[in-house]
Every structure is written in structure tokens, then in C-alpha cells.
Amino acid sequence: MDKRKRKIKFSGIGMYVPEKILTNADLEKIVDTSDEWITSRSGIKERRILEDDKATSDMCIEAGRMALQDAGLKADEIDLIILATSTPDTIFPATACWVQKGLGAEYVPAFDLSAACSGFLYALIVAEGMIFSGNHKKILVIAAESLSKITNWKDRNTCVLFGDGAGAVVVEESFDESGMLSHYWGVDGNLTDLLLQPGGGSRIPLRPENIDQDLQYLHMKGNEVFKHAVKRMGEAALEAIELAGLKRSEVDYLFPHQANIRIIEATGRRLKLPPEKVFINIHKYGNMSCATIPIGIFESRRDGLFEKGDNLVLVAFGAGFTWASIVYRW
Ligand code: ACO
């Protein structure tokens, strides 16, 4: 049973996806693949691709502005920006610094958080701690990826899976029944080699000889990752439900990270939820890593897919391996 009495909640939500759509038919012209293979193995039909002259921070600023407007706040009324991303504009300084400037949130502290696909949930857990510390009241949490920039467009194993996008929420302390009821998170650092961008950091700096080996791109042993994702997503969701003091039957809606339709459906089955209670938008956007859950929450609120008082379960798994789950009462 989760003992926490205090809760944080979303007071504003925003999202941004680039205009350019890359369909499976387009990909058939780039690599040896087919719409049938991509759809049946992953559930993806199309994905959004960021323009060449844009970076992750550009999407963050759009999504962040929308979340602030939704919360009825000006940029200088927030007191912290936490940005989850694995595709920063630069290794340093943090992408959050450009976002702070772009939003006009003058002198507001801002930092990046790296937890791959679990990044949005990790950032919410950190934001909760910051608010409970008493030092912060209104935090802008953004999760964004431009995975197209680190995709090897010659590798059919990975290039069909990913897309670009950003989601943002403003979080504040909740003084009613709604908000975050529990969280569960973890890492298995033994499995880092199964999914990573090997080059560009201090282990393998960007040098011509490394670029020739394609080490600047995302590398993934997809079928290995798949097995761990199915196991961990189900387990993490059940742990957070128990920590919230809820029964599985009291869960109203599931937001699983959108990496693969088969992982999403397996997680829904583990929670014994009917398909209409499991959020899916992977067909439109592919895997946008940490941006998938906030974009999912934005779209499902817009489309009225859940009601006030509903118990939502957010769950993610990604490189690291990281995983996290949150129970949130709407
Ligand atoms: N088109 C056609 N054939 C393909 C393609 C493609 N795009 N990609 C791979 N294949 C082939 C392979 O070469 C292989 O052929 P072979 O048997 O002749 O060698 C065959 O299809 C099967 O490959 P598998 O990798 O075993 O296929 P699988 O059913 O596992 O599906 C997939 C692959 C979609 C990648 C799946 O494993 C998956 O979704 N994994 C999880 C990804 C994930 O969850 N990532 C986590 C987060 S991502 C992040 O953190 C950024």
C-alpha cells in the first residue's frame, strides 16, 4: 500500500509532431521491406520525421508552449524545466537550456534527464520529489525525441520502427483526489549492449574511423529487447497498481509505451484489460521513445477516452534497460 498522502497532478498538457509523414510505402523504396512486414511485426503504418534544419529543442518549445497555455501560465511562472530525451541537440549543454531560452523562462533552472523510452515517467517521478521537497511548485516536464536523426536509414531492422515527437505537461501539487498515486521504477544495467547509440560519447568519440562503422546510429537487438520489454512492462505495471493500493480490476485505462503493437497487447493481457482500455497510436507515429506516453495522454484527453476519477496506468520500458510505471487518478 502506498503511504503517500500528497500527490502531484497535470495542470496542462501539450504535444508536437513534425508535419512530414513517412509511410511504410515510402520505406519500401528505401530498404528491402514491405508494408505487410512492418504492420504485422510492429503495428506501425507511418511515422513523423523532423526537418533537417530542426532539432529536438524546436519540438520541445512547441509542446512546452502548448502545455503552459493549457495550464494558464506564462513561461516565467514555472520554476523548473525537466527535459527527458536521448536525442539531445548537443551532448552539452543540456537541450533544456535552449528550451528555457525559446520559451522565455528567464533564469528558470533546466536540465536533461536520460532514461530512453522510460524518460517521461522518470521525469515525473523526479518532479514529484522536487515538489514534495517544498522547493518547487510548478514544473514543466517535457519528453521529446528526434530518433530519425540517429537512425541508420540503410538498416531495415531499425529504420522502420522509429519516429519523432514531443509531449509536455505542467505538474503542480494536487489538492483533490486526482494525481499520481504511486510509482515503480528500475534499471537492469547488465543489458545495456542490446540497445544503444554506441558512438558520440566518451567511450567512442565521434572520429572518422568510428563514423565509417556506423557507430553514431542506434543499434538494437530487436528480438532480445522484445522479450525483456514484454516481461518488464507487465511486472512494472502490476507493481505500481499494488503500491497504489488498487486491485487490477480497478484499472480503467492503460498507457503502455508504444514500441510494438505485440508488446502493447501483451501488457494489456497481463492486466486483463479489454482492448478498448489500452491506448494505441503506434500506427500513426511509430516508436517516439519517451514522447509516446505524454502524446498519448494529450490525444486521449482530447478524444474523451477516459473520465474524471478513472485510474490510469502509465508504463514504459527502454534502453538501459530502464522501466517505470505510474498509477495516476484522472
Ligand atoms: N522488413 C523485412 N524484414 C525484416 C525487417 C524489415 N524491416 N527487419 C528485419 N527483418 C527480417 C530479419 O532480417 C529477420 O530475417 P531472417 O530470419 O532471415 O534473419 C526476420 O525479419 C525476423 O527478424 P526478428 O528481429 O526476429 O523479428 P521480430 O519478430 O523480433 O520483430 C522487431 C522485430 C519489430 C524489431 C521486434 O523485435 C521489436 O519490436 N522489438 C522490441 C523493440 C523495442 O521494444 N524497443 C524498446 C524501446 S526502443 C528505445 O528505447 C529507443
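**A ligand between two domains**

Domain 1, residues 7-177, and domain 2, residues 180-329, both contribute residues to the shell around the ligand, so the ligand lies between them. Please keep in mind that what I am showing is a predicted model.

Let me begin with the ligand itself, which is surrounded by 23 residues, the closest being T33, R41, C117, R156 and N260. Sorted by class, that shell holds 12 nonpolar, 7 polar and 4 charged residues. For R156, a backbone N or O atom lies 2.9 Å from a nitrogen atom of the ligand, whereas N223 places a polar side-chain atom 3.4 Å from a ligand oxygen, and R262 has a polar side-chain atom 3.3 Å from an oxygen atom of the ligand. Taken alone, the ligand would expose 1,000 Å², and the protein buries 76% of that. The elements that give two or more residues to this shell are α2 (35-42), α6 (156-159), α8 (222-243) and α9 (261-270), and among these α8 gives the most, with 4 residues.

I would now like to turn to the backbone. A cis peptide bond, with omega about 0°, joins F92 and P93, and P93 sits in the loop between β4 (80-84) and α4 (95-103). Another cis peptide bond joins G320 and F321, with omega about -20°, and F321 is in the loop between β12 (311-318) and β13 (322-329).

Finally, is S289 buried or exposed? S289, whose phi is positive, near 50°, lies in the loop between α10 (282-285) and α11 (292-302), and with a relative accessible area of 5%, under the 20% cut-off, S289 is buried.

Note on methods: Residues are numbered from 1 along each chain as its sequence is written. This is a predicted model: local features need pLDDT of at least 70, side-chain atom pairs count only at pLDDT 80 or more; totals for chains, interfaces and linings use all residues. Side-chain values use heavy atoms; hydrogens and water are left out. A residue is near a molecule or strand if one of its heavy atoms lies within 4 Å of it. A polar contact is a pair of N or O atoms within 3.5 Å; within protein, one must be able to donate a hydrogen and the other to accept it, and residues adjacent in sequence count only if both atoms are side-chain atoms. Accessible areas come from the Shrake-Rupley method with a 1.4 Å probe; for residues, only the protein chains shown count as cover. Ala, Val, Leu, Ile, Met, Phe, Trp, Tyr, Cys and Pro count as nonpolar, Asp, Glu, Lys and Arg as charged, and the others, Gly among them, as polar. Domain bounds come from an automatic or database domain assignment. Buried means under 20% relative accessible area, exposed over 50%, partly exposed in between (1.4 Å probe, protein chains only).
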